[in-house]
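Here is a short briefing on one protein chain. Take a look at the sequence and the model, then work through the points below.

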Amino acid sequence: RVFEIPGKTHGIGAIKFKWQTSKGNLLATSGANRNVYVFDRKGNPVAEFSLPGKCTAIDWDRNGDQLAATHDAGASVFLWNSNTHQVSEVESGLKGSLTYCEPPSCIVFVANQIS
């Protein structure tokens, strides 16, 4: 079954999205309103958290346990744990784009400046 997310959910503009790796049960999305949303395969909301700036990238680790989100308002990365539903913020010291996330905690950036 295909599901639809209302347009007003993300605000006006482009939407970033990424299906959970390995398990494929969750879909992470983010748009102009600076929120990250996680939905299950039926379109039901599972989690929502806010970023301080517009999302620049979202990605799952190889096992699909951690979701990483970067933003344009600073040098931190937000991590959401799909098992505990807890969000944590990690200061990276770098501004740039998230390229991928690997367990247990290695996050790779393409950095364009040090904050």
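Which residue in β8 stands opposite phenylalanine 78? The residue is glutamate 89. Keep in mind that this is a predicted model. The chain has ten strands and zero helices.

**The whole chain**

- The chain holds 115 residues, and 37% of them count as buried.
- Read along the sequence, the pattern is β-β-β-β-β-β-β-β-β-β.
- The accessible surface comes to about 6600 Å². Carbon and sulfur atoms account for 50% of this surface.
- Take the contacts between residues at least 6 apart in sequence: 32% of them join residues at least 24 apart.

**The β7–β8 hairpin**

- Strand β8 covers residues 87–91, and β7 pairs with β8 in the antiparallel sense. Five bridges make up this pairing.
- The two strands, β7 and β8, form a hairpin with five residues between them.
- Histidine 85 sits in the turn and has a positive phi of about 65 degrees.
- In a regular strand, side chains alternate between the two faces of the sheet.

**Serine 76**

- Serine 76 belongs to strand β7, which spans residues 76–81.
- Is serine 76 buried or exposed? Serine 76 counts as buried, because its relative accessibility is 4% and the cut-off for buried is under 20%.
- The side chain of serine 76 makes a polar contact of 2.8 Å with the side chain of histidine 71.
- A polar contact of 2.9 Å links the side chains of serine 76 and glutamate 89. Glutamate 89 is also the residue that stands opposite phenylalanine 78.
- Leaving aside neighbours within four places in sequence, serine 76 is in contact with several residues, including Ala69, Thr70, Val90 and Ser92.

**Salt bridges**

- How many salt bridges are there? The count comes to two.
- Aspartate 59 is buried, with a relative accessible area of 9%. Lysine 18 is partly exposed, at 32%.
- Lysine 23 forms a salt bridge with aspartate 65, and here the closest N and O atoms are 2.8 Å apart.
- Lysine 23 lies in the loop between β1 and β2 (26–30), while aspartate 65 lies in the loop between β5 and β6 (66–71), so this pair ties together parts that are 42 residues apart in sequence.
- Lysine 23 counts as partly exposed, with 39% relative accessibility.

**The nonpolar core**

- The largest nonpolar core has 14 residues. Leu51, Leu67 and Trp80 have the most contacts inside this core.
- The elements giving two or more residues to this core are β2, β3 (35–40), β4 (45–50), β5, β6 and β7.
- Which element gives the largest share of this core? That element is β5, with three residues.
- Leucine 51 is in contact with Arg34, Val36, Ala69, Thr70, His71 and Phe78, leaving aside its neighbours within four places in sequence.

**Valine 38**

- Valine 38 lies in strand β3.
- Valine 38 is buried, with a relative accessible area of 1%.
- Not counting residues up to four places away in sequence, valine 38 touches Leu67 and Trp80, among others. Both Leu67 and Trp80 are among the residues with the most contacts inside the largest nonpolar core.
- Valine 38 and tryptophan 80 are 42 residues apart along the chain, and 9.7 Å separates their C-alpha atoms.

**Glycine 24**

- Glycine 24 has its place in the loop between β1 and β2. Lysine 23 lies in the loop between β1 and β2 too.
- Glycine 24 is buried, with a relative accessible area of 15%.
- Leaving aside neighbours within four places in sequence, glycine 24 is in contact with Trp19 and Arg41.
- Glycine 24 and arginine 41 are 17 residues apart in sequence, and their C-alpha atoms are 8.1 Å apart in space.

Conventions. Residues numbered from 1 in each chain as written. Predicted model: local features only at pLDDT ≥ 70, side-chain atom pairs only at ≥ 80, totals over all residues. Heavy atoms only, no water. Helix = DSSP H or I, 4+ residues; strand = E, 2+ residues; numbered from the N terminus. Buried < 20%, exposed > 50% of the residue type's maximum accessible area, 1.4 Å probe, protein only. Polar contact = N/O pair within 3.5 Å; in protein donor to acceptor, adjacent residues only side chain to side chain. Contact = heavy atoms within 4.5 Å. Salt bridge = Lys/Arg side-chain N within 4 Å of Asp/Glu carboxyl O. Pairing = 2+ DSSP bridges. Areas by Shrake-Rupley, 256 points an atom, 1.4 Å probe, with all protein chains shown as cover. Core = buried A, V, L, I, M, F, W, Y, C linked by side-chain atoms within 4.5 Å.
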